[in-house]
Amino acid sequence: MKLSNNLPIYSPYLDDKDLFSHCFFTGTAINPIQDRIRIFPDTVIKSYNLEKQKLTLLSGQKIGYDELVIPISFEVGAKVQKLLHKGLDLMQAGVSGLKFLKENELTQFLSLVFNAVVLQEVQAARLMPNEQNTFLLEGAFANKAYIISLALHEILREVRFEDFKPTSLFKFQTYTYENPQNFELITALNVQSVMLRMGEVCIMACLLDNNIQEKFYKDYFINFESIITHPIQLNELFSRLCYKSYLVNQVFEYGLQFPSALEDFLSIKFRVPDSEGNKEVFRAWNDLEYIEILTSFMKSFGFTRDDLFDPKHGVATFIENDKGDPIQMDEFGNELD
């Protein structure tokens with residue numbers, strides 16, 4: 001059952017309030033120390049040996065996984081906590097657990113994870129701006145983050161997406177390893193994408209690509225959803241998703257209709273202006289751009305740009321052979337016959 005639509009509808013990305021002193025959903029003033037929900041509670045952090053693992057923000061600041069939080073008021077905390085716990089519990093249950101998580105719940109769960117990172121990144125950009133993070137303070141990013149945060153209100157109230165689906169979502173099975181190698185979280189803020197690998201489950205979402213990649217590439221990704229993938233393959237797949245999201249021509253507009261006395265739901269509408277209707281969906285692929293993204297996501301495996309790119313032979317791949325068929329690997333990264 002959804003909460004009352006009398007609750008305010010708020011997003012932290014369009015004003016200058018302190019990000020952690022106001023509820024993410026309602027804007028209500030809260031205690032920034034006490035009124036927060038941790039994305040990864042102690043049980044998860046201990047289970048995956050993440051106590052000493054750090055996320056490096058674009059500012060260069062390093063934070064622990066216990067610092068990923070959503071500031072929350074009492075009125076909405078129980079609903080958000082329930083969804084978060086359900087997502088974590090079912091991901092830890094493995095592939096079989098995901099069957100009990102509705103697609104919109106999985107999207108909301110990933111969006112909570114993504115927004116917890118965004119809050120830390122935006123806060124750091126306000127305090128320590130540099131060439132890498134100042135885009136987080138610009139209107140273009142704030143407007144997209146605003147739409148994503150409004151979509152997340154579906155946890156609390158009815159939200160209607162008029163004639164479109166905002167997100168592309170992909171699920172994969174992978175091998176399990178000793179912790180903390182059993183866990184990985186990657187966010188690509190400029191294309192509003194997130195990847196979370198926990199145990200044998202990996203999920204990826206492009207939170208505001210308007211379902212374009214799922215529509216265009218669903219058959220391609222089904223090839224990988226039907227096999228057990230190696231983590232190195234997952235990072236390459238996520239690199240491709242992020243780059244394709246970057247290549248999408250940004251010709252669409254969003255419209256909002258807020259709850260009223262007559263219609264007590266939030267409506268998010270999508271349209272492509274007539275003047276933009278003839279543009280290609282994607283701009284042209286460029287290996288010199290793509291290799292920069294791939295290299296950044298392959299650093300955890302020890303690869304450098306020179307390892308992954310050769311001017312004569314192009315970009316290395318771990319996911320498909322010369323015929324375009326998926327490569328199957330064992331848990332050590334050896335190609336299977």
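At 24% relative accessibility, F161 counts as partly exposed, because a residue is called buried under 20% and exposed over 50%, with partly exposed in between. This value, like the others in this briefing, is computed from a predicted model.

**Aromatic rings**

- A pair of aromatic rings is described by the distance of the centres and the angle of the planes.
- The structure holds 26 aromatic pairs, and one of them joins F161 to F164 in an edge-to-face arrangement, with 6.1 Å from centre to centre and 90° between the planes.
- Another aromatic pair, made by W285 and Y290, is tilted, with 4.8 Å between the ring centres and 50° between the planes.

**Charges over rings**

- The charged end of R160 sits over the ring of F265, at 3.6 Å from the centre of that ring.
- R283 lies over the face of Y246, and here the distance to the ring centre is 4.9 Å.

**The open sheet of β5, β12 and β11**

- Three strands form an open sheet in which the order is β5-β12-β11 and the pairing is mixed.
- The edge strands, each of which pairs on one side only, are β5 (159-162) and β11 (253-257).
- From one strand to the next, the twist of this sheet averages 20°.
- Strand β12, which covers residues 266-271, runs antiparallel to β11 and is joined to it by five bridges; E253, for example, has R271 in β12 as its bridge partner.

**The enclosed strand β9**

- Six of the six residues of strand β9 (residues 201-206) are buried, so this strand is largely enclosed by the rest of the structure.
- In a regular strand the side chains alternate between the two faces of the sheet.
- In β9, V201, I203 and A205 point one way, C202, M204 and C206 point the other way, and all are buried.
- Strand β6 (residues 168-174) pairs with β9 in the antiparallel sense over six bridges, and the bridge partner of K171 in β9 is I203.
- Strand β8 (residues 193-198) likewise pairs with β9 in the antiparallel sense over six bridges, with L196 standing opposite I203.
- β8 and β9 form a hairpin with two residues between them, and G199 in the turn has a positive phi of about 65°.

**Nonpolar cores**

- In soluble globular proteins, nonpolar side chains tend to be buried together.
- The largest nonpolar core has 72 residues, of which F25, F40, L68, F109, L112, L185 and L196 touch the most other members.
- Helix α4 (residues 103-127) supplies the largest share of this core, namely 13 residues.
- Leaving aside residues up to four places away in sequence, F40 touches I45, Y65, L68, L88, V113, F183, L185 and L196.
- A second, separate core consists of 19 residues, including F170, F172, V191 and C206.

Note on methods. Residues numbered from 1 in each chain as written. Predicted model: local features only at pLDDT ≥ 70, side-chain atom pairs only at ≥ 80, totals over all residues. Heavy atoms only, no water. Phe/Tyr/Trp six-rings, centres within 6.5 Å; stacked < 30°, edge-to-face > 60°. Buried < 20%, exposed > 50% of the residue type's maximum accessible area, 1.4 Å probe, protein only. Lys NZ or Arg CZ within 6 Å of the ring centre and 35° of its normal. Pairing = 2+ DSSP bridges. Helix = DSSP H or I, 4+ residues; strand = E, 2+ residues; numbered from the N terminus. Axes fitted to C-alpha atoms, helices over the stretch in contact; angles between N-to-C directions. Core = buried A, V, L, I, M, F, W, Y, C linked by side-chain atoms within 4.5 Å. Contact = heavy atoms within 4.5 Å.
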